[in-house]
Amino acid sequence: MQDFMQPQEYARTILCITMYNLCILWWILATPDTFRSVALRFGVSPGVLHCKEIIRVLANLTAETVYWPSERAILKEAGEQRTGFPGAVMAIDGSYIPLFYAPQVEPQRFLNRKFDYAVTLQACADINLVFRDVYCGEPGSPHDSRVFRRSPLSRRLLEQNILADDEHIIGDSAYIFTDKLNYNFRLSSLRSMVERAFGRLKMKWRRLFFLSTKRMDLVVQTIMASITLHNFIIYEGEIPDVELQHIQAEDNFGLEIEGDDLDDGNDYPNVRVEPDHPLLEEARLIGPK
């Protein structure tokens, strides 16, 4: 096609195709519609709706949209005004992302306490409902406390000074006591910020209510792509049902990222997808049957 078109016309055509594919992907993520229904709506074949490359790119961009807050003083003051407790910077919790199909590798590991097949998403969210740390890829059967102990955040809280002495992360009884994550029982009701962030994420990107893909790597990438869009929309000015506290994207926020993998925890310590998980790696090798 490029041989028969002028360079500018070719570039405009490619841009239109890319934007059209993005619109299709946004509709797929935002609705529980079947692929046949989406294909009829957009006038395309169902075979072109598998936007794996776009999902992978958005998943990689999670490392650019999820970062440890530098404006913690503002968030701490806003949290104190809202809750009456000093030093509440953000809250932590876990949420199940249900799977429509049972995983091919050890499906019993993915059965949660509700007897649904699911993967666990652990996240920290601030008062603006922005995700600040995410950890995804664990099966649904482990308890939140075990997922937290396996996450890089638990080690960083114990070994690094990522929070000041007067700053805290609010969590329920599933999370261990440290000098930074404290007062679990007394402040369990104040965890609403992260629960509302999960609710906003799933209600806007309703595909997360039941992911119908069979490949576990695409499951994780779809979740990360939805988190990217969630934070990006808030950064760009869509105001949730809270008073925004002057959040700004970091200087390195943009639409470019180097490297193909999201598993590099050294460069992006606030985004982890459990790269060494044997079930996930085996699922990648075997694929759907």
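This is a predicted model: local features need pLDDT of at least 70, side-chain atom pairs count only at pLDDT 80 or more; totals for chains, interfaces and linings use all residues.

Leaving aside the neighbours within four places in sequence, tryptophan 205 is in contact with Trp26, Leu29, Ala30, Ser226, Leu229, His230 and Ile233. Tryptophan 205 also lies 8.9 Å from proline 32, C-alpha to C-alpha, although 173 residues separate the two in sequence.

One of those contacts, alanine 30, can be followed from its own side. Alanine 30 belongs to helix H1, which covers residues 7-30, and it is partly exposed, since its relative accessible area is 25%. Apart from neighbours within four places in sequence, alanine 30 is in contact with Lys204, Trp205 and Arg206. A further pairing across the sequence is that of alanine 30 with lysine 202, where the C-alpha atoms are 8.7 Å apart in space while the residues are 172 apart in sequence.

The axes of helix H8 (residues 192-204) and helix H9 (residues 216-235) come within 10 Å and cross at roughly 105 degrees. Angles of 65 to 115 degrees count as roughly perpendicular, and H8 and H9 are therefore roughly perpendicular to each other. On the H8 side the residues that meet the partner helix are Ala197, Arg200, Leu201 and Lys204, while H9 contributes Ser226, Ile227, His230, Ile233 and Ile234. Sorted by class, this contact of H8 with H9 has 5 nonpolar, 2 polar and 2 charged residues. Ser226, His230 and Ile233 of H9 meet H8, and Ser226, His230 and Ile233 are also among the contacts of tryptophan 205.

Phenylalanine 131 and phenylalanine 198 form a tilted pair, with 5.8 Å from centre to centre and 45 degrees between the planes. Phenylalanine 131 lies in strand E3 (residues 131-139) and phenylalanine 198 in helix H8, so this pair ties together parts that are 67 residues apart in sequence. Both phenylalanine 131 and phenylalanine 198 are buried.

Another pair, formed by phenylalanine 148 and tyrosine 175, is edge-to-face, at 5.2 Å centre to centre and with 85 degrees between the planes. This pair links distant parts of the chain, with phenylalanine 148 in helix H6 (residues 144-150) and tyrosine 175 in the loop between strand E4 (168-170) and H8, 27 residues apart. Phenylalanine 148 and tyrosine 175 are both buried. Elsewhere, Tyr20, Trp27 and Phe42 form one aromatic cluster.

Aromatic rings also meet charged side chains. Arginine 156 lies over the face of tryptophan 68, at 5.6 Å from the ring centre, and the charged end of lysine 214 sits over the ring of tyrosine 101, 4.9 Å from the centre of that ring.

The chain as a whole can now be set beside these local details. Its secondary structure comes to 10 helices and 5 strands, and of its 289 residues 52% count as buried. Among contacts between residues at least 6 apart in sequence, 69% join residues at least 24 apart.

How values were computed
Residues are numbered from 1 along each chain as its sequence is written. Side-chain values use heavy atoms; hydrogens and water are left out. Axes are lines fitted to C-alpha atoms, for helices over the stretch in contact, and angles run from 0 to 180 degrees between N-to-C directions. Helices (H or I, at least four residues) and strands (E, at least two) are DSSP runs, numbered from the N terminus. Angles under 35 degrees count as roughly parallel, over 145 as roughly antiparallel, 65 to 115 as roughly perpendicular and the rest as oblique. Contact means heavy atoms within 4.5 Å. Ala, Val, Leu, Ile, Met, Phe, Trp, Tyr, Cys and Pro count as nonpolar, Asp, Glu, Lys and Arg as charged, and the others, Gly among them, as polar. Rings of Phe, Tyr and Trp (its six-membered ring) pair if their centres lie within 6.5 Å; planes under 30 degrees apart count as stacked, over 60 as edge-to-face and the rest as tilted. Buried means under 20% relative accessible area, exposed over 50%, partly exposed in between (1.4 Å probe, protein chains only). A charge sits over a ring if NZ of Lys or CZ of Arg is within 6 Å of the ring centre and within 35 degrees of the ring normal.
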